[in-house]
Amino acid sequence: MEKIGVFCSASEQIDEKYFIAACQLGAWMGEHQMTLVYGGANCGLMGTIAREVKSHGGRLMGMVPDVLEERGLLQEDLDVIFPCEGLTDRKDLMIDMSEVLVALPGGIGTLDEVFTVMGQASIGLKNRPLYLLNIDGFWNPLVALIQHLKENGFMRHELSHYCTLVDSVDELVEKLSSL
């Protein structure tokens with residue numbers, strides 16, 4: 001495994017524990033000469049993980065919507081840039097270019113990406129392993145919603161069909177190392 005797609009927040013207004021996790025994952029990826037496939041931003045968890053991957057010897061593939069460049073939010077040391085017009089083609093490129101996907105805590109964009117991967121898995125398209133990094137229970141409300149959907153007949157499969165929930169970067173690294 002060489003290319004890991006990471007969905008995560010671009011916000012700077014979030015708890016430090018999420019930045020610590022992004023640093024840990026980015027350092028591990030870089031130390032193992034992996035490529036981060038991500039949204040190309042230089043802020044929030046996106047910028048944090050990118051800087052760590054790069055500073056530890058990894059590579060950066062940025063899927064960059066025009067608006068990101070226009071706002072001056074482009075990570076400067078990207079190894080590969082894939083220009084995109086919007087979030088849909090950005091997300092599709094990230095999924096296509098990644099061998100495995102990881103969702104760190106994030107907002108609406110991250111939820112959109114996670115649900116797209118889960119939706120594809122539900123009908124057998126582009127099955128990529130998806131890991132949700134559940135720092136301090138961040139994803140628990142989503143897990144409860146999915147369980148509610150399953151209990152009421154709106155989903156055929158258990159959560160484990162769509163993704164794997166991990167509670168720490170150490171647990172995530174252990175899972176990724178076994179792929």
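Which residue of β4 does M61 stand opposite? I began my notes with this question, and in the model, which is a predicted one, I found that M61 stands opposite V80 in β4.

**Entry 1: the sheet**

I then followed the whole sheet, which is open, has seven strands with parallel pairing, and has the order β4-β3-β2-β1-β5-β6-β7. I asked myself which strands stand at the edges. They are β4 and β7 (164-166), each with a single partner strand, so one side of each is left without a neighbour in the sheet. I also wrote down that neighbouring strands of this sheet are turned by 25° against each other on average, with direction ignored. As a reminder to myself, strands of a sheet pair through backbone hydrogen bonds, either parallel or antiparallel.

Is β3 largely enclosed or largely open? I found six of the seven residues of β3 to be buried, so this strand is largely enclosed by the rest of the structure.

**Entry 2: helix α2**

Next I turned to α2, which together with β2 and β3 makes a right-handed β-α-β unit. I checked the length of this helix: at 1.5 Å a residue, the twelve residues 44-55 should span 16 Å, and the end C-alpha atoms are 17 Å apart, which agrees. Just after α2, I came upon G57, which takes a positive phi of about 100°.

I saw that α2 packs on the sheet, where it touches β1, β2 and β3, and that its direction makes about 160° with that of β2. The buried residues of α2 are G44, L45, M46, G47, T48, I49, A50 and V53. I noted that these buried residues pack against β1 (3-7), α1 (16-31), β2 (35-38), β3 (59-65) and α4 (87-97).

In soluble globular proteins, nonpolar side chains tend to be buried together. With this in mind, I looked up the largest nonpolar core and found that it holds 36 residues, of which I4, V6, L25, M29, L36, V102 and L104 touch the most other members. At least two residues of this core come from each of β1, α1, β2, α2, β3, β5 (100-103), β6 (130-133) and α8 (169-177). The largest share, seven residues, is supplied by α1.

I picked out L25 and listed its contacts, leaving aside residues up to four places away in sequence: L25 touches V6, I49, V102, L104, V169 and L172. Apart from this core lies another one, of 22 residues, and among them I noted M94, V114, W139 and I146.

I repeated the length check on α6, residues 140-151. Its twelve residues should span 16 Å at 1.5 Å a residue, and the end C-alpha atoms are 16 Å apart, which agrees. Just after α6, G153 takes a positive phi of about 80°.

Is Q33 buried or exposed? Its relative accessible area is 52%, and since the cut-off for exposed is over 50%, Q33 is exposed. At 63% relative accessibility, I counted D136 as exposed.

**Entry 3: D89**

Last, I looked up D89, which is found in helix α4. With a relative accessible area of 29%, D89 is partly exposed. How far apart are the C-alpha atoms of D89 and E99? I found them separated by 17 Å, the two residues being ten residues apart along the chain.

Key: Residues are numbered from 1 along each chain as its sequence is written. This is a predicted model: local features need pLDDT of at least 70, side-chain atom pairs count only at pLDDT 80 or more; totals for chains, interfaces and linings use all residues. Side-chain values use heavy atoms; hydrogens and water are left out. Helices (H or I, at least four residues) and strands (E, at least two) are DSSP runs, numbered from the N terminus. The expected span of a helix is 1.5 Å times one less than its number of residues. Buried means under 20% relative accessible area, exposed over 50%, partly exposed in between (1.4 Å probe, protein chains only). Contact means heavy atoms within 4.5 Å. A nonpolar core is a set of buried Ala, Val, Leu, Ile, Met, Phe, Trp, Tyr and Cys residues joined through side-chain atoms within 4.5 Å. A crossover is right-handed if, with the strands pointing away from the viewer, the path from the first strand over the helix to the second runs clockwise. Two strands pair if DSSP finds at least two bridges between them. Axes are lines fitted to C-alpha atoms, for helices over the stretch in contact, and angles run from 0 to 180 degrees between N-to-C directions.
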